[in-house]
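These notebook entries record what I looked up in one structure, with an interest in side-chain pairs and packing. The model itself comes before the entries.

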Amino acid sequence: MIREGVATSIVSLLRHEETTLDMRCNSTFAIAELAVLEACEDELVAAGTVPVLVRLINLAKSSDRSTLGSACRGLRNLLGGKETTAVLAAKYGCVEPLLAIIDGRVGRGEEAEVIVEAAAAISNLSHHGIRFQSYVIKHGGLKALAALGATTENEEAMFQVVNLLAEFALEVRWHKAIVSANGLQTAFRALRLARDPEVVAEASRLIGNVASTQKARSAVREAGGLVPLIDRLSKCKSFKEFVPAFDIVRALANVCGDGRAASDALSLKDGAAVILRVYNAQDAPERLIKTAFRALQVLAQGSATRRAKVLYAVGIQVKQAALAGHPVKRLYDLRQAILEDIETGDRNATAAMPESLERLSRASVRLINSGVTNHGRPNLQYSRRDSGVKDASHPQGRSQRAAPQQTAPRGQRITDQQRPYVPRSPMKAEYLARKSQYEANKFRSTGRVVSVTRNCRPRQQPSGMKQLAEGRAAADVEDYDALPRGNEEELASDADLRERMLAREADGNMVQDFFEIGQVLGKGGYGSVFMAKDIRSSDIVAIKRFHNSGAMVDKKAVKEQNIWKGLHHPNVVEFKGSFVGDNGSLNLVVEYVDGLSLAEHLSQYSAFPETLVAEIARQVLSGLEYLHSNKVTHRDLKPANILVDSSAAVKICDFGVSRSENVQTINPGQQHMVGTPWYIAPEMVEYRPYTTSVDIWSLGCTVLELATGRRPYHELSAMQVLFRMVEDRCPPIPSHLSTEAKDFLTACWIWDPQERPSARDLLRHPFILKARKFSDSSKQSSATSTPENLVLS
């Protein structure tokens, strides 16, 4: 067609004034179609197509929409070709009429398709270089395009706008013009509204390109650019496709190069957790993983607090990955890389590795008080421990009761008959005021209080074998029905609540307690944990509230409280009571531990020194010895279920999957595999009969993780771990560990459960005894160096 001179004929037809409207429309459409072909560009330009198309666009007011749309599309296709064509189009003044169509200066509202073609023509012209971009800016192109992006609902038009602005943003010289034209707000709107991933990717690219300099990063932060980026990334359901996650993560990395923006990302929207979800996605392409890795490193740089927050988020992701059965090697590698980035002598470097439990507990106080944990935990004060393991009472001191509390000797369980409920008399006002001064600094009330009323007469227990069997058959229902009921109400003054207590308890048959509900400490699949204050004693406690989602959940919850109650040991979180809430959900009132779990601590370090690991293991063994002597098997011992309080006491918590010979299980007589795969003993995997020694195997896995920073088989998924644990018969032991540590792990991982040492036996192991000697000597040296122990001659 071109060789036969068709292009010249069509252009001549368009130039003729007597050409009919239909002929002009068809001719313009033919040129637009020919302009798509790269081979036709030279012939069309030589025939004078460019000035004709510009003339038709200039006559937008009198042209029909079909002709105008074809003229814009034809010019768009030609401008996508050679630079000489772009020079010719600029010479004939193509920018002004195109912008008039975009911003509505033609005096009529054009169809979206026409506006899209006009915007695309401007975009193709600008892609030819800086001088064309300067020409567009000179004629107000950025403001017109940004205004279009701020109002249009057409995603193709939105794509053309953000794509063009992203190209402009590649040049630092245009950043100020883009910000002044509200180009960033256009990108934010596209992130919020667009469904097309290509539009989201271009909007993110625009923000990331603008944020390539420090001054522009500040502008993006002040304009609120972090929120739409993080929100959009959090809505991505899969990362198998490269777009748009790659551009969003890269934009976040650029914006967070500004320290204040990085802090905002970590505190306002929990950006680290969102990016970690991308980084650890099993279906993410390698390039996306590397980009997320870089973004997380940027977040962690320049501030010890930010670094600690990122590492803490990594620890949470490790926990979530374990629950999902995914390998965690990638997360461990990220943690190691962040820790290796710390330069020697950096004033922002992370605190030194703790050598003792006292230093570890102080580290937890620093983390909580600096807001690293970001889970509603209050500010803490460090409580120094005099000697040995602290008492299980509250670190700030528990209020004294009117009647002495009966405690069981070590290794014995307290029953309800041994420890009946005794009404507590009100404390002296001076003591309560002095004690609550510290509590007020860390407790944040929600303005709600739970009133719990119970009959103080103990329930009649079944006697005889037949009655005992019948009682066990309905144990869950009876225990649940017998629990006191709690009613939530508006908070009144402490004086009014204590007056109500005395009135209810006047006859000696009823006991009433009030718990003021505080902030949420954590949430999980089982329910939520709240901080609460016991109005009677001003003690801070934790309330574990289960979801009321079915009978099986209720049975598990009741079983947990039946196992937990009566346990009283310094290395076991203390159970204080339970009640049923307004909606029928079970609530467990337990000791509030003012510290972090070992998993949370380990997230801040590559590993713990062996002396610290051994001291932790000693206290855990002490708690296990007590549990096992009371016929309780924990069955899910791991760093996440071991807490360290502010006075350096180690406490075992979470009895959700525990088993006790004194409490009926949900399916009696069956061997169940419960717990976390990386810590499960092989006899449970093979459904063989097992004893309390499964906790010893789990302790070995925990000790290995504390000493190396990595759990056994961390590179494998949950299902792969179960097979390897049985196949290998013993997890691999690193060669760099000491002889005592290797021997301790070997003892914990003896294949035959009957030959595996007990907790009492392991307390006498050289690995534990060596740490005990180190701990005792460090305490003596610390004591002799204090001013109180110096004698003046």
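**Entry 1. Salt bridges**

I took a salt bridge to be a side-chain nitrogen of Lys or Arg within 4 Å of a carboxyl oxygen of Asp or Glu. The model is a predicted one: local features need pLDDT of at least 70 and side-chain atom pairs count only at pLDDT 80 or more, whereas totals for chains, interfaces and linings use all residues. Residues are numbered from 1 along each chain as its sequence is written, and side-chain values use heavy atoms, with hydrogens and water left out.

I found that the structure holds 26 salt bridges. One of them joins the side chains of E516 and K533, at 3.7 Å from N to O. I assigned helices (DSSP runs of H or I, at least four residues) and strands (runs of E, at least two), numbered from the N terminus.

For accessibility I used relative accessible area with a 1.4 Å probe and protein chains only: buried is under 20%, exposed is over 50%, and partly exposed is in between. E516 is buried at 7%, and K533 is buried at 14%.

I next looked up E591 and K651, whose side chains form a salt bridge of 3.4 Å, N to O. This pair links distant parts of the chain, with E591 in strand 7 (residues 586-591) and K651 in strand 11 (residues 650-652), 60 residues apart. Both residues, E591 and K651, are buried.

Within helix 30 (residues 610-629), E615 and R618 are three residues apart, about one turn of the helix. Their salt bridge has its closest N and O atoms 2.7 Å apart. E615 and R618 are both buried. I also noted that E167, E202 and R205 are joined into one network by salt bridges that share partners.

**Entry 2. Aromatic pairs**

I counted rings of Phe, Tyr and Trp (its six-membered ring) as paired if their centres lie within 6.5 Å; planes under 30 degrees apart are stacked, over 60 edge-to-face, and the rest tilted. A search of the whole structure gave seven aromatic pairs. Y279 and F293 make a tilted pair, at 6.0 Å centre to centre and 40 degrees between the planes. Y279 belongs to helix 19 (residues 271-279) and F293 to helix 20 (residues 286-300), so the pair ties together parts 14 residues apart in sequence. Y279 is buried at 4% relative accessible area, whereas F293 is partly exposed at 23%.

The ring centres of F515 and F579 are 6.4 Å apart with planes at 10 degrees, so this pair is stacked. F515 is in strand 3 (residues 510-523) and F579 in strand 6 (residues 575-580), 64 residues apart. I recorded both F515 and F579 as buried. One aromatic cluster is formed by W564, F575 and F655.

**Entry 3. Charges over rings**

My criterion was NZ of Lys or CZ of Arg within 6 Å of the ring centre and within 35 degrees of the ring normal. R729 lies over the face of W751, 4.1 Å from the ring centre. The charged end of R173 sits over the ring of W174, at 5.9 Å from its centre.

**Entry 4. Nonpolar cores**

I defined a nonpolar core as a set of buried Ala, Val, Leu, Ile, Met, Phe, Trp, Tyr and Cys residues joined through side-chain atoms within 4.5 Å. The largest has 117 residues, and those touching the most other members include L75, F239 and L299. A second, separate core of 84 residues includes L602, A617, L699 and C748.
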